[in-house]
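Hi everyone, and thanks for making time today. I'd like to walk you through a structure that may be new to you, so please have a look at the screen.

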Amino acid sequence: MAKAYFPMFVDISQMKIIVVGGGTIATRRIKTLLQFASDITVISPEITDQLKKLEAAGKIRHICRTYQEADIAEADMVLSAADSSKVNNQVAEDCKKREYATGRKILISIADDRSKCDFYFPSVIVRDEVVIGINSGGQDPGKVKQVRRKLEDVMGRGDMM
Ligand SMILES: C[C@@]1(CC(=O)O)C2=NC(=C\c3[nH]c(c(CCC(=O)O)c3CC(=O)O)Cc3[nH]c(c(CC(=O)O)c3CCC(=O)O)/C=C3\N/C(=C\2)[C@@H](CCC(=O)O)[C@]3(C)CC(=O)O)/[C@H]1CCC(=O)O
Ligand SMILES: NC(=O)c1ccc[n+]([C@@H]2O[C@H](COP(=O)([O-])OP(=O)(O)OC[C@H]3O[C@@H](n4cnc5c(N)ncnc54)[C@H](O)[C@@H]3O)[C@@H](O)[C@H]2O)c1
């Protein structure tokens with residue numbers, strides 16, 4: 001592997017998480033995050049039916065409009081998964097600007113540009129008290145998905161995946 005990333009298991013249960021975009025990728029990641037976090041706000045003019053259900057169940061908040069800079073002001077973690085590299089890029093820049101102004105770290109993941117990610121969103125399997133995170137250092141997310149499926153075949157599929 002060219003550059004392997006260390007799998008650091010972090011407590012995100014108290015983190016304020018902002019997700020920009022409410023499409024396929026945002027939905028997949030929010031479903032993963034909900035196993036570990038509860039303060040998740042989605043900023044998006046449109047969201048998937050699955051996200052609508054999660055909002056109706058009180059699991060997430062939804063702000064129904066396009067992204068604005070102020071949205072990331074209090075965030076601990078920001079995921080940007082809009083279908084516009086201009087928007088995703090703007091989110092990354094605003095987070096860096098905010099970090100510089102406050103000296104407070106914001107963990108950033110930008111879905112269409114690995115070079116702007118502070119961390120890589122892992123593929124996750126949770127079985128009882130065991131959490132497995134899979135990652136390819138940004139090299140091959142498709143292979144990561146294959147490995148996750150093979151592991152699930154061996155372990156049996158959980159309810160969440
Ligand atoms: C693990 C998983 C978690 C999740 O997303 O939940 C994940 N990607 C998954 C799937 C997937 N991603 C892509 C495809 C279609 C192509 C293919 O088949 O290969 C598929 C397959 C599919 O969707 O079926 C394309 C893609 N991915 C990235 C870029 C941009 C770039 O590389 O710069 C592009 C081009 C996008 C474009 O077109 O613009 C970037 C990232 N994707 C990451 C995570 C981070 C690195 C993790 C690692 O490498 O280990 C990283 C760097 C950053 C981040 O986003 O945090 C999830 C599998 C979950 C599961 O199924 O278990
Ligand atoms: N990292 C990965 O695993 C991976 C895999 C495939 C695609 N991608 C990339 O992820 C991004 C999203 O893909 P998708 O399939 O979820 O797209 P999608 O079309 O399903 O969803 C895009 C969402 O962004 C929202 N949006 C658009 N403009 C916005 C704005 N200004 N502010 C807030 N929200 C806005 C839309 O309303 C929609 O909800 C794309 O850039 C794609 O290239 C990443």
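Let me start with a question: where does ligand 1 sit? Ligand 1 is found in the largest pocket. Before I go on, please keep in mind that what you see is a predicted model.

So, who are the neighbours? Ligand 1 is surrounded by 21 residues, and the closest of them are Arg-28, Ser-123, Ser-136, Lys-145 and Arg-148. Two elements give two or more residues each to this shell: helix H1, residues 24-33, and helix H4, residues 141-155. H4 provides the largest share, with 5 residues. Sorted by class, the shell around ligand 1 holds 7 nonpolar, 7 polar and 7 charged residues. In terms of domains, at least three residues come from domain 1 (16-116), and at least three come from domain 2 (123-155).

Now for some individual contacts. Arg-28 places a polar side-chain atom 2.7 Å from an oxygen atom of ligand 1. With Asn-135, a polar side-chain atom is 3.0 Å from an oxygen atom of this ligand. Ser-136 uses its backbone instead: an N or O atom there lies 2.4 Å from an oxygen atom of ligand 1. And how much of ligand 1 does the protein bury? Taken alone, ligand 1 exposes 1100 Å², and the protein buries 71% of that.

Let's move on to ligand 2. Here, too, 21 residues form the surroundings, and the closest are Ile-25, Arg-28, Glu-46, Tyr-67 and Ala-111.

Which element supplies the largest share of the shell around ligand 2? That is H1, with 4 residues. Helix H3, residues 85-102, supplies at least two residues of the shell, as does H1. By class, the shell around ligand 2 divides into 9 nonpolar, 7 polar and 5 charged residues.

Ligand 2 has its own set of contacts through oxygen atoms. A polar backbone atom of Gly-22 is 3.0 Å from an oxygen atom of ligand 2. For Ile-25, a backbone N or O atom lies 2.8 Å from an oxygen atom of the ligand. Arg-28 takes part through its side chain, where an N or O atom is 3.0 Å from an oxygen atom of ligand 2. Taken alone, ligand 2 exposes 870 Å², of which the protein buries 68%.

If you remember one residue from today, let it be Arg-28: its side chain contacts ligand 1 and also ligand 2.

Definitions and conventions: Residues are numbered from 1 along each chain as its sequence is written. Chains are lettered from A and ligands numbered from 1 in the order in which they are written. This is a predicted model: local features need pLDDT of at least 70, side-chain atom pairs count only at pLDDT 80 or more; totals for chains, interfaces and linings use all residues. Side-chain values use heavy atoms; hydrogens and water are left out. A residue is near a molecule or strand if one of its heavy atoms lies within 4 Å of it. A polar contact is a pair of N or O atoms within 3.5 Å; within protein, one must be able to donate a hydrogen and the other to accept it, and residues adjacent in sequence count only if both atoms are side-chain atoms. Accessible areas come from the Shrake-Rupley method with a 1.4 Å probe; for residues, only the protein chains shown count as cover. On a 1 Å grid over the protein atoms alone, a cavity is a set of points where a 1.4 Å probe fits but cannot get out, and a pocket is an open set with protein on both sides within 12 Å along at least five of seven lines; lining residues have an atom within 4 Å of a point. A molecule sits in a cavity or pocket if more than half of its atoms lie within 2 Å of its grid points. Ala, Val, Leu, Ile, Met, Phe, Trp, Tyr, Cys and Pro count as nonpolar, Asp, Glu, Lys and Arg as charged, and the others, Gly among them, as polar. Domain bounds come from an automatic or database domain assignment.
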